[in-house]
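Hi everyone, thanks for coming.

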Amino acid sequence: MAPGTPEFTIPPIEDASVIRTGDMPGDKVEIGTSHVSKARAIFPRLWQLVQPALRKSPHRAVISVHGGSGVGKSEIGSLLAHYLRENGVGSYVMSGDNYPRRIPRDNDAERLRVFRTVATKALATGGDYTDQTRDILAGLQSADRDSDPSLVEQYPWLGTYQRAGSQALAAYLGTNREVDFDEVNNILAAFRDG
């Protein structure tokens, strides 16, 4: 540990069901032993990294836990917040799925719509949207395989489709069109203000 870094404790988790989780209504956060193990491994480094922020604003820091869907962000974030509280640092777990402009199911549908609409337009613009490609594409979409890169060799036009869809999705993800950043910023400001 770096010189001058305060000591910390990582208490054992006797009953994970009592650990406070995020602010997403109905979110199913199920903390398991693998989440505890990962959080215990992360916390010592996190403790070091958070010290400069705590020196500026004692007892408050904003920490982001991010990653793909279903990787355990909510569980690990909840545990890290628990360990911070146990060490005298207040915490509030914001669930990222709670701040898109649409509920998660509808947001997933919008992501898919953005990808497929622009991708299909790219095929049409490039002259690759024929009756045959339309039928093949409809089958791939119904099987949720239209973004599978392994199919590009079999269907070369699918490369155009996937590139255009990926670019459109990248321009949508994490933008103000998807996330209500005003609400997020208001919550962060209230947290920083105590």
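**A walk through the helix contacts**

Let me start where two helices touch: Thr133, Ile136, Leu137, Leu140 and Gln141 in α4 meet Trp157, Leu158 and Tyr161 in α5. Sorted by class, that contact has six nonpolar residues, two polar ones and no charged ones. Before I go further, please keep in mind that this is a predicted model.

So how do we describe a pair like this? In general, two packed helices are described by the angle between their axes and the distance between the axes. Here, helix α4 covers residues 131-142 and helix α5 covers residues 157-172, and their axes come within 12 Å and cross at roughly 55°. That angle makes α4 oblique to α5. As for handedness, α4 passes α5 in a right-handed crossing.

Between α4 and α5 there is a loop, and Asp144 is found in it. Asp144 has a positive phi of about 55°, although it is not a glycine. Is Asp144 buried or exposed? With 56% relative accessibility, Asp144 counts as exposed.

Now let's bring in another partner of α5. Which residues of α3 meet α5? From α3 we have Asn107, Glu110, Arg111, Val114, Phe115, Arg116, Val118, Ala119, Thr120, Ala122 and Leu123. Facing them in α5 are Trp157, Thr160, Tyr161, Gln162, Ala164, Gly165, Ser166, Ala168, Leu169 and Tyr172. The contact of α3 with α5 divides into twelve nonpolar, six polar and three charged residues. The axes of α3 and α5 come within 7 Å, and they cross at roughly 135°. The two helices are therefore oblique to each other, and their crossing is right-handed.

Two residues from this part deserve a moment each. Val114 is in helix α3, and at 5% relative accessibility it counts as buried. If we leave aside its neighbours within four places in sequence, Val114 is in contact with Ala168, Leu169, Tyr172 and Arg177. For a sense of scale, Val114 and Ala138 are 24 residues apart along the chain, and their C-alpha atoms are separated by 16 Å.

The other residue is Gln162, which lies in helix α5. Gln162 counts as buried as well, at 10% relative accessibility. Beyond its neighbours within four places in sequence, Gln162 is in contact with Phe115, Asp146, Ser147, Asp148, Pro149 and Val152.

Let's move to the other helix pair on my list, α1 and α2. Their axes are 9 Å apart, and the helices pack at an angle of about 50°. That makes α1 oblique to α2, and here too the crossing is right-handed. On the α1 side, the residues are His35, Val36, Lys38, Ala39, Arg40, Ile42, Phe43, Leu46 and Trp47. On the α2 side, they are Glu75, Ile76, Leu79, Leu80, Tyr83 and Leu84. By class, this contact has eleven nonpolar residues, one polar and three charged.

Asp15 lies in the segment before α1, and it is partly exposed, with a relative accessible area of 40%. Asp15 and Lys56 are 41 residues apart along the chain, with 34 Å between their C-alpha atoms.

Gly96 sits in the loop between α2 and α3, and α3 runs over residues 104-125. Gly96 is exposed, with a relative accessible area of 56%. How far apart in space are Gly96 and Lys73? They are 23 residues apart in sequence, and from C-alpha to C-alpha the distance is 9.7 Å.

That's my tour, and I'm happy to go back to any of these spots with you.

Definitions and conventions
Residues are numbered from 1 along each chain as its sequence is written. This is a predicted model: local features need pLDDT of at least 70, side-chain atom pairs count only at pLDDT 80 or more; totals for chains, interfaces and linings use all residues. Side-chain values use heavy atoms; hydrogens and water are left out. Axes are lines fitted to C-alpha atoms, for helices over the stretch in contact, and angles run from 0 to 180 degrees between N-to-C directions. Helices (H or I, at least four residues) and strands (E, at least two) are DSSP runs, numbered from the N terminus. Angles under 35 degrees count as roughly parallel, over 145 as roughly antiparallel, 65 to 115 as roughly perpendicular and the rest as oblique. A crossing is left-handed if the near helix is turned anticlockwise from the far one by less than a right angle, and right-handed if clockwise. Contact means heavy atoms within 4.5 Å. Ala, Val, Leu, Ile, Met, Phe, Trp, Tyr, Cys and Pro count as nonpolar, Asp, Glu, Lys and Arg as charged, and the others, Gly among them, as polar. Buried means under 20% relative accessible area, exposed over 50%, partly exposed in between (1.4 Å probe, protein chains only).
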